[in-house]
Amino acid sequence: SRPPVRWPPARIPSSSIPTYTVTSIFSDRAGIFTPTGTPLQKIKKGETLGTLTSLTDFTQTVITAPRTGTLITLRGLDVLRTGSKLGSIGTEQMPL
């Protein structure tokens, strides 16, 4: 048997919920994106997030983090258009 549901749910103090300023990362060319990072990974500016392989000449471009923070989202292996979102990096802010 399941335990009874508490209602209303317990309150979580806002000081324990992290808040982030998010920076989105976009592709500046088309190609096949191969990620090397993982979501919620702590990263530093310049670390590799993945590679983008051109479909016309198969050259590879290394995609790096534009800032230090937490990798919030990262696209999986995918074929991208120019301007596609690759992921987002969050910089933790002071609690509310």
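Colleague: Is R29 buried, partly exposed or exposed?
Modeller: This is a predicted model, so the value is computed from predicted coordinates. Buried means under 20% relative accessible area, and exposed means over 50%. R29 has 35% relative accessibility, so R29 is partly exposed.

Colleague: Which residue does the side chain of R29 meet in a salt bridge?
Modeller: Side chains of opposite charge can pair when their charged atoms come close. A salt bridge needs a side-chain nitrogen and a carboxyl oxygen within 4 Å. For R29 the N to O distance is 3.9 Å, and the partner is D28.

Colleague: Is D28 buried or exposed?
Modeller: The cut-off for exposed is over 50%. D28 has 55% relative accessibility, so D28 counts as exposed.

Colleague: How many salt bridges does the structure hold, and what is the N to O distance in the one formed by R75?
Modeller: The structure holds two salt bridges. R75 is partly exposed, with a relative accessible area of 29%. D78 is also given 29% and counts as partly exposed. R75 pairs with D78, and their closest N and O atoms are apart by 2.9 Å.

Colleague: Which residues form the nonpolar patch on the surface, and what is their accessible area together?
Modeller: One member is V79, which sits in strand β7 (residues 78–80). V79 counts as exposed, at 53% relative accessibility. The patch consists of I32, L55, L77 and V79, and together their accessible area is about 370 Å².

Colleague: Why is strand β4 largely enclosed by the rest of the structure?
Modeller: Look at the residues of β4, which spans residues 48–53. A residue is buried under 20% relative accessible area. β4 is largely enclosed because the buried residues number five of the six.

Colleague: In the hairpin of β4 and β5, which turn residue has a positive phi?
Modeller: β4 pairs with strand β5 (residues 60–64) in the antiparallel sense, over five bridges. Six residues lie between the two strands of the hairpin. The turn residue has a phi of about 60 degrees, and that residue is F58.

Colleague: What is the strand order in the open sheet of four strands, and which strands stand at the edges?
Modeller: The order is β1-β8-β6-β3, with antiparallel pairing. An edge strand has a single partner strand, so one side is left without a neighbour in the sheet. The edge strands are β1 (19–26) and β3 (42–43).

Colleague: Which residue in β8 is the bridge partner of T73?
Modeller: Strand β6 (residues 69–74) and β8 pair in the antiparallel sense. Four bridges link them. In β8, T73 is partnered by S88.

Methods
Residues are numbered from 1 along each chain as its sequence is written. This is a predicted model: local features need pLDDT of at least 70, side-chain atom pairs count only at pLDDT 80 or more; totals for chains, interfaces and linings use all residues. Side-chain values use heavy atoms; hydrogens and water are left out. Patches are made of residues with over 30% relative accessible area and no salt bridge: like charges are joined within 9 Å, nonpolar side chains (Val, Leu, Ile, Met, Phe, Trp, Tyr) within 5 Å. Accessible areas come from the Shrake-Rupley method with a 1.4 Å probe; for residues, only the protein chains shown count as cover. Buried means under 20% relative accessible area, exposed over 50%, partly exposed in between (1.4 Å probe, protein chains only). Two strands pair if DSSP finds at least two bridges between them.
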